[in-house]
Amino acid sequence: MTTHSWRVWAIYMVLAPNLSEEQVLKQACPSCDATQLCNCSSMGLDFIPPGLTGKITTLNLSHNRIKHIRSQDLQQAVNLRALLLQSNKISSIDKDSFRSLGKLELLDLSNNSLAHLSPEWFEHLFSLQHLHLQGNSYRDLGESSPFSSLRNLSSLHLGNPWFSTIGQGNFEGIELLDKLWIDGGRLSQYRPGSLKSIKKINHMIISIKSISVFSAIVRDLLYTVTWLEVRETAFSILSEMQLLRVMSSSFAKKISFKQTLLTDATVPEIISILEDMPKLVEVEMIDCRLSGTGQWQMQIQANQSQTLRVLTIEKLSIEKFYLFTDLHAVLGLLSLLTKVKVENTKVFLVPCSVSQYLLSLEYLDLSANLLGDQSLEHSACQGGWPSLQTLNLSQNSLSDLEMTGKSLSHLRNLILLDISQNNFGEIPDVCEWPKNLKYLNLSSTQIPKLTTCIPPMLEVLDVSANNLKEFGLQLPFLKELYLAKNHLKTLPGAAPIPNLVAMSVSRNKLNGFSREEFEGVQVGAVHLSLMECHRSLMVSLLCALVVLVMLVLVAIGYKYHAVWYLRMTWAWLQAKRKPKRAPLKDICYDAFVSYSEHDSDWVENIMVRELEQACPPFRLCLHKRDFVPGKWIVDNIIDSIEKSHKTLFVLSEHFVQSEWCKYELDFSHFRLFDENNDAAILVLLEPIQSKAIPKRFCKLRRIMNTKTYLEWPLEEEQQEMFWFNLKIALKS
């Protein structure tokens, strides 16, 4: 055991007989103090700490040294919603360890030492939605399904470096999953049909090296998976590509390749398969590697996809990227694409022929690449990108703003252009731009001074993080202006930007502003007030005054019981809307019992048993048992009193201190005593001075001084008479 675990164990053995469960738990895990979240992560624990109660909904025991979970460890944690046990050394779990966790929704057992999975662990987890089992040492899932009782399971993550076998029936009981993640780097045996019991999977993540196993799994999930994500798989052997032909019948709408290997030999086959998929809309390649230069060894032969619209390529590694220029083989596949993102892939040129084939393209992101001024001119050639509306060229190698604008000027539909994080420096006075351009991002481009090169039709301009010392452009249509992180000493004038709605000027060197900076028909006539000239000081004073007034009001309200009177007014208004007496047919109880929680033992175990087992039995209304769940508690109190012949108050020192007993007294104050009836029965459980009752309950104090009440006798021989008198009072 670690030093901390020895200390926890010693404290528990010595102090447990004298401490409550919460105190024992706090000694082991201080963060569990009176909260529903119990974070015991990274505390060097060798066992699950004792003292867990039903108050805890989230228990984090990750990154400890727990080896075994016993049946009694979690027995009292009946309200747990999330149990995090990842990154321990758990090798064994008693079969009843999770028996009491019927409300558990998340269970994380990943990165432990479980050599097998038992269905008995999960058979009582009826509410479980998320189960993480990856990173253990099991080689298979057993002879049957460990998940057969998990009818509400939404996501399942399993697998490890030793996971080698999926057998028939291993997934029986699961019909619908939002996410299924299988880490099967060494998965070599898959029984066909094993995954067919699952009717729908929204997102399937699969990491498998064996192409034959991958093909068998895909065959079982042709009509099941909406988004298929393939990870850490090498598509490098041409002879294996025939096994992937089954994918062409898949109904998946999105295919993702992450950390996969492709070659010039296999790319044409894969593209052909993807083009034949009947419902494919999006293809994504992230952090993949292409071994080759685009010199396809065979012509791509596939019918053009009528559904593919989105292509995303991020961090594609091509060792000889400078030789990768010929894309004529894929030209016929491009015309229907509407969104293309090729980010951080060392793109230095888009061939003109490729641009001209992108007839439907509306969104193009070429950020974090190597495009220069000359290559952009060639990429955005005449007839290229005719439908383009959004273009992102940020983080490239552009340096000539005039040339950039001219290269793109023929894009008549271009609305948004992001050329931030390039290195333009000085800019000329005259530039040519697309005529419908509305949004221009020139942030972080080393511009020292803005000129009339900026297009006048803009509605949004971002020139933040430059070296600007002033802003004096005439932009009549501008609505948003971003000038943060520059060197401005004065604000822009209002007259040149009359339609401005929003402006950001943070992190500049503004010293102040003058009336001349706001010259114009409307702004010029405004005289700056004291508030505008000394805004910080005035706001501080105003806040201080508001706080002072609130403190005074709180003090007055506390002294004169303002909150109580507001509550009473609300109860009175509710009572006035209802008839003074409930119809006899609505009377459900002989008495509504009002008592403090501290007196519940006497009420529930002595009084209720005596009265409800009498002959004939009395019908009592108790808040714990008879209040309507989900209904406002004040409404429950009012309705219960109105549906009872009597209201029985069990008075004690605890009673007059109880907040909810006050509510019941509040309503009785208006409803019972003001009607001058005898519906109230007072039972004095212990000696209590009338002065202990709050002074605002003046009528109750008067009744205690004038009306006979029943006192609970401690002597057993007198208790029989007490019960007799109480039953007579209830029957009257």
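Modeller: Let's start with a term: a residue is buried when its relative accessible area is under 20%, exposed when over 50%, and partly exposed in between, using a 1.4 Å probe and protein chains only. By that rule, 48% of the chain's 732 residues count as buried. This is a predicted model, where local features need pLDDT of at least 70, side-chain atom pairs count only at pLDDT 80 or more, and totals for chains, interfaces and linings use all residues. Residues are numbered from 1 along each chain as its sequence is written, and side-chain values use heavy atoms, leaving out hydrogens and water.

Biologist: How many helices and strands are in the chain?

Modeller: The chain has 17 helices and 33 strands. Both are DSSP runs numbered from the N terminus: helices are H or I with at least four residues, strands are E with at least two.

Biologist: Okay, what about helix α4, is it buried or exposed?

Modeller: Helix α4 (residues 211-220) has 7 of its 10 residues buried, so it is largely enclosed by the rest of the structure. Among the buried ones are Phe214, Ile217 and Asp220.

Biologist: What covers those buried residues of α4?

Modeller: The cover includes β11 (189-190), β12 (200-208), β13 (225-231) and β14 (234-235), going by contact, meaning heavy atoms within 4.5 Å.

Biologist: Switching topic: in what order do the 5 strands of the open sheet come?

Modeller: The order is β30-β29-β31-β32-β33, with parallel pairing. Two strands pair if DSSP finds at least two bridges between them.

Biologist: Which ones are the edge strands?

Modeller: Those are β30 (620-621) and β33 (710-711), each pairing on one side only. Strand β29 (residues 589-594) pairs with β30 over 2 bridges, and Phe592 stands opposite Cys621 in β30.

Biologist: Which strands does helix α17 lie across?

Modeller: Helix α17 (residues 716-731) lies across β29, β31 (644-651), β32 (680-684) and β33, at about 165 degrees to β32. Axes are lines fitted to C-alpha atoms, for helices over the stretch in contact, and angles run from 0 to 180 degrees between N-to-C directions.

Biologist: And Gly472, where is that found?

Modeller: Gly472 is in the loop between β26 (460-462) and β27 (480-482). Gly472 counts as exposed because its relative accessible area is 68%. From Gly472 to Ala495 is 9.9 Å in space, C-alpha to C-alpha, and 23 residues in sequence.

Biologist: Last one: where does Leu545 sit?

Modeller: Leu545 is in helix α10 (residues 535-559). Its relative accessibility is 49%, so Leu545 counts as partly exposed.
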